[in-house]
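In these entries I record what I looked up in one structure, feature by feature. I begin with a pair of strands and then turn to a sheet, to peptide bonds and to backbone angles.

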Amino acid sequence: MNLVPLVTSALAALAALALAAPSAFADVVVPSSAFSNGQNNAEFHSDVRVFNPTNSPVLVTPVFYNQPAGGAAVPSVPSTFTIPARSQVQFDNVLASLFGLTAGVFGPIRFGTSAPIIVSSSVNNVHSCGASAVSGQWLPGIDQSEALKAGTLVQLAASADGASGYRSNVVFMNPGDQAANVTTSLRRGDGTLVATVTLDPLPANGFKQVGTLSAWLPSPNTITDTNLWLEFNSDQPVLSFASVINNASGDPFAIVMTAEPNVSASAPVASYTVSANPTPGQPVTFTDTSSNAPTVQLWSFGDGTTATSGASVAHTYGAAGTYKTAHFAGNAGGTGAAAMDVVVVIGTVAPITVTISANTFGGECWTFSCLDGPCSGPPSYCKATSNNNVNLRVGQPYVITWTTPASENKTHGIGGLAVLGIAQNDVITSNRPYVVNFTPTASMVGVHTYACTVTMCAPAQNVHDAMTGTLTIVP
């Protein structure tokens, strides 16, 4: 079986499914901004730059969530601004210049937009080292769609000596409209657990800053380590970053959350089952039995149709035959494929009895009539369309019996049905019916006319010649 073309097209479909993403652009969030005082005469300002990479003007609606005021939303002044095409706008001390606020506030900013934008924020200490110098760090704006339910912050640091080494501040921001419950674990480089903390629920657009890793470190702190890392899990997507600050100089740098790659996942070993005894017109159930928890599935049914999802799918074949089916299963670890021939056959069907009686009336005429119940109405595979015509369907077994009543006292011959193996000299009498066991095949489709071949059927030749009936075989 040559599966190369099938595998190639299926893998392309899997890749398209895996890489598919919404076309809409999400808001961009700066998880933390500040216009506030700190230790040693520090005064923090956040400067923001917003860039429009498109060739058309972009309208932006900023909102600041003031954490000292319980996360209250503060609109910008004015409430929107427009960035010209391929241009950048500047907001130094953004909480004062764009939102009109005074010192003592901090929190996240959401830049609402329906177009792609790039946001960068720097958090500066304008009284660095107590000498009116300026020092700071740059933080990227994070697309809201990049919020994670599980992530990792690496290269954190803590020092038991507040005058040397480093300290780390961690921020969590919930950009959604439902409260987020976040559980965190701080670990040493070798994975040793320092502490696990469940944060207070983050409300919609809520913000939580943990200074100097105080929620996880002992009090007083006895840990000096520059190889710490923090993992988190949340029931809602959240944004997170950390600032790591040199205790001696006050110089910071930023750590942004990272989604852990699913390195533990193994590619599925594809396999599947098919429901037993498939027949035409009846749904066939395909069930994925692949290992390693596939997350993407593709089915090929061998008749030109496919399905692009579902661990269990039903498919109906229109005709008997052998169909070369295939199943492709994928996850973060890769893709697996399996193939199987599915044989669709006409199942064991009970024969339908058809009784045809030759009758004469007043010595002038006779008729062949289908007298069985199924012949006078549904089902359609045996239906008399007139007294002398019976429809038969390919693949359905029949028992056809010709009779004549004793009151007739006639001998009738059956001619013209060599397709059923009936010879010209075969006859029926009142005490001798003629029986044929017959299953029409596709080569027999058509109208087959039969007639009485014995002159005793009628009192005159012209009447005898008109005594005919038909069997019509349909697909």
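Entry 1: a parallel pair. I looked up the bridge partner of N389 and found T470 in β34. The model I am reading is predicted. I then asked in which sense β28 and β34 pair, and over how many bridges. Strand β34 covers residues 468-474, and its pairing with β28 is parallel, over five bridges. Next I checked how far β28, residues 389-393, is covered. Four of the five residues of β28 are buried, so I noted this strand as mostly covered, with buried meaning under 20% relative accessible area.

Entry 2: an open sheet. I traced a sheet of four strands and wrote down their order as β21-β20-β23-β24. The sheet is open, and its pairing is antiparallel. Why is one side of β21 and of β24 left without a neighbour in the sheet? Both strands, β21 at 306-307 and β24 at 334-344, stand at the edges and have a single partner strand each, so one side of each lacks a neighbour there. As a reminder to myself, strands of a sheet pair through backbone hydrogen bonds.

Strand β20 (residues 296-300) and strand β23 (residues 321-331) run antiparallel and are joined by five bridges.

Entry 3: cis peptide bonds. I looked up the bond between V77 and P78 and found it to be cis, with omega about -5°. P78 lies in the loop that runs between β4 (72-75) and β5 (81-83). I recorded another cis peptide bond between S219 and P220, where omega is about -5°. For P220, the location is the loop between β15 (207-210) and β16 (225-246).

Entry 4: positive phi angles. I noted that N205 is not a glycine, yet its phi is positive, at about 60°. N205 is placed in the loop between β14 (193-198) and β15. Is N205 buried or exposed? With a relative accessible area of 15%, N205 is buried.

T212 is likewise not a glycine and has a positive phi, of about 55°. I located T212 in the loop between β15 and β16. Its relative accessibility is 39%, and T212 therefore counts as partly exposed.

Definitions and conventions: Residues are numbered from 1 along each chain as its sequence is written. This is a predicted model: local features need pLDDT of at least 70, side-chain atom pairs count only at pLDDT 80 or more; totals for chains, interfaces and linings use all residues. Side-chain values use heavy atoms; hydrogens and water are left out. Two strands pair if DSSP finds at least two bridges between them. Helices (H or I, at least four residues) and strands (E, at least two) are DSSP runs, numbered from the N terminus. Buried means under 20% relative accessible area, exposed over 50%, partly exposed in between (1.4 Å probe, protein chains only).
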